[in-house]
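Dear colleague,

Please find the structure below.

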Amino acid sequence: MTQSPSRRAAALRILGGVALLAGGALWPWQAAQAQFRVEIAGVGATQIPIAIGTFRDEARVPQPVSRIIKADLERSGLFRILDASADRLDDSSRPPLPDWRGKGADALLAGSATPLVDGRFDVRYQLWDVLKGQGSGIVSMVVPAADLRQAAHRIADDIYQRLTGDMGVFSTRIAYVSKAGARHTLVVADADGEGAQAPLTISQPIISPAWSPDGQRLAYVSFEGGKPVVVVQDVSTGRRRVVAGFKGSNSAPAWSPDGRQLAVTLSRDGGSQLYLIGADGQGLQRVTQSASIDTEAAWSPDGRTLYFVSDRGGAPQIYTVPASGGQPRRVTFQGSYNISPAISPDGRYMAYISQVDAGYRLHLMELATGKVTPLTDTRDDESPSFAPNSKLIIYATRAQGRDVLMTTSLDGRIKARLATTQADVREPVWGPHVQPPRR
Amino acid sequence: MNFSRTLFVSAVSAAVLTLAGCGSSVKLDDQAGSGAAPITSATPGADANAASSSNVASVVVPDQNAAADASGLTRVIYFDFDSFVVKSEFAGAIDGHAKRLNAAKAKKVIIEGHTDERGGREYNLALGQKRAEAVQKSLTLLGVSGEQIEAVSFGEERAAAQGSGEAVWAQNRRAEIKDR
């Protein structure tokens with residue numbers, strides 16, 4: 001049975017009304033003092049010492065470029081920052097490398113930021129290998145004021161990549177839900193929590209946001225029509241459509257890696273079962289056939305397998321099933337309640353929530369071996385999501401009576417907390433790596 | 001699509017749908033939505049909202065009459081922990097609703113299932129759905145047509161009572177029958 005035309009039309013009329021309230025596009029939203037605090041546990045964590053100085057003329061541009069870069073690298077827990085400001089270097093300087101070798105630096109970053117006649121800014125930098133005495137060459141980024149933070153994050157990504165070999169994620173975005181009383185807001189922010197914008201604010205709950213693989217759209221579950229429906233919203237234009245609004249409940253959207261389909265949980269045929277549907281709302285396909293609850297689908301990176309939660313064994317555990325349908329296979333065997341699977345983009349790990357002593361704790365499973373490690377010692381963990389470089393997990397937890405967002409390294413040793421004073425924050429999802437726009 | 005008229009209609013429909021969702025039972029989230037005191041946090045008495053914490057507690061006290069409409073029909077059905085069985089104490093209410101719906105085949109209801117706050121959001125959405133469908137089944141077994149009923153879930157997202165502990169959780173494990 002397809003959605004009845006009158007019901008779908010009703011859903012679209014509701015969205016029209018809400019779009020009026022939402023303004024239809026992004027607008028700046030005042031996030032009070034969003035900041036990360038880093039906690040690094042364990043002795044002997046090796047950190048790369050890097051000397052970074054204030055960029056020449058940085059005071060003349062609207063954003064503190066070198067401070068953003070320092071904060072990014074510090075937050076990763078992998079770098080020890082030395083201050084090179086006293087040397088007054090810029091991107092074309094030849095730095096006193098033997099001095100810095102003596103001070104224990106492995107690398108040195110110097111740069112400049114110049115306002116241009118047309119109102120844009122030329123941000124330049126050079127990264128030096130202190131031990132080899134070699135410079136990377138000068139890189140220049142010409143950006144408008146609105147993109148200065150992003151430029152700083154891209155520089156931090158470049159440094160991270162050159163020095164660790166892994167892709168940086170400082171220039172990525174996150175989305176999450178913020179709740180203040182009856183008001184629910186879907187928030188999009190930079191990975192450092194700054195630059196928060198609110199594509200959607202409604203007086204009904206929003207749950208389960210999910211980034212499309214190209215980073216342009218967010219799917220989520222909205223209760224604005226008095227029941228849960230799956231909505232897809234274009235982040236930059238604000239355009240929304242109901243992708244799944246069938247009879248009963250519609251929830252748990254998960255984008256296929258090619259961005260063409262969503263796995264969803266529907267009760268249209270009774271119970272909660274997994275289906276696939278086109279991102280345009282067409283082409284419904286049922287995946288699971290059981291009398292139990294099957295929900296929370298998560299795709300393998302090759303798009304062939306769905307991980308999902310089922311209580312067919314009595315209590316919720318995580319299973320896999322071919323995306324084209326077939327026999328499910330159980331994956332979790334430790335603990336009596338396992339939910340919320342998230343698969344790393346490199347396909348090697350599954351993060352999930354396991355009930356431990358009446359609390360709910362983030363765990364990591366190495367998929368090749370089945371080995372399981374707890375990543376936290378908190379009791380109210382929810383909704384894990386991997387960074388696009390597969391090295392970090394963002395999740396929600398509770399601290400001092402408030403819902404907060406945390407990131408953790410895969411060994412659990414480097415944790416950073418995003419604390420906002422305004423509202424309870426939950427359901428974080430890490431956006432994909434996107435290429436910088438060509439200008 | 002004719003946007004300006006449609007948007008006006010939709011703003012009105014959105015308002016109408018919000019109000020239609022009230023039903024006749026006194027619900028804290030409806031009060032919060034109309035601009036009254038914000039929902040307090042889960043640490044009662046810990047802050048300056050201590051006075052509104054105790055207001056919340058008094059509304060929590062179970063009172064089936066508050067959950068009934070003008071016809072005296074109970075509209076909220078409560079469930080035991082980890083249970084999706086409609087208890088015998090609600091058989092009379094189910095019977096009353098079935099009679100009412102069988103007498104008027106054009107009448108429709110929506111059944112909203114809810115859970116307490118413990119556990120994951122999406123799994124709780126599915127558990128709430130089980131509760132709504134249990135009530136739906138009780139009605140269809142008494143002859144009500146499936147076309148007259150839609151079973152949906154709010155999971156843990158629309159708590160009737162805020163806070164933690166069994167007294168609060170028991171208030172939230174429920175299904176609500178609302179006229180459309």
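Two strands pair if DSSP finds at least two bridges between them. Strands (E, at least two residues) and helices (H or I, at least four residues) are DSSP runs, numbered from the N terminus. This is a predicted model, in which local features need pLDDT of at least 70 and side-chain atom pairs count only at pLDDT 80 or more, while totals for chains, interfaces and linings use all residues. Residues are numbered from 1 along each chain as its sequence is written, and chains are lettered from A and ligands numbered from 1 in the order in which they are written.

In chain A, β11 pairs with β12 (residues 217-222) in the antiparallel sense over four bridges. Within β12(A), A:Val221 is the bridge partner of A:Ile207. These strands belong to an open, antiparallel sheet of four strands in chain A, ordered β11-β12-β13-β14. Its edge strands, β11 (206-211) and β14 (240-244) of chain A, each pair on one side only.

A:Phe55 lies in the loop between β2 (48-52) and α2 (65-75) of chain A. A:Phe55 is buried (20 or more other C-beta atoms within 10 Å of its own, C-beta atoms being placed from the backbone), because 29 other C-beta atoms lie within 10 Å. Leaving aside neighbours within four places in sequence, its contacts (C-beta atoms within 7 Å) include A:Val65 and A:Gly111.

Chain A is divided into domain 1 (5-30 + 172-430) and domain 2 (47-164), with bounds from an automatic or database domain assignment. Their C-alpha centres lie 36 Å apart. Seven residues from domain 1 of chain A and six residues from domain 2 of chain A take part in the contact.

Yours sincerely

Technical notes. Buried ≥ 20, exposed ≤ 12 C-beta atoms within 10 Å, placed from the backbone. Contact = placed C-beta atoms within 7 Å.
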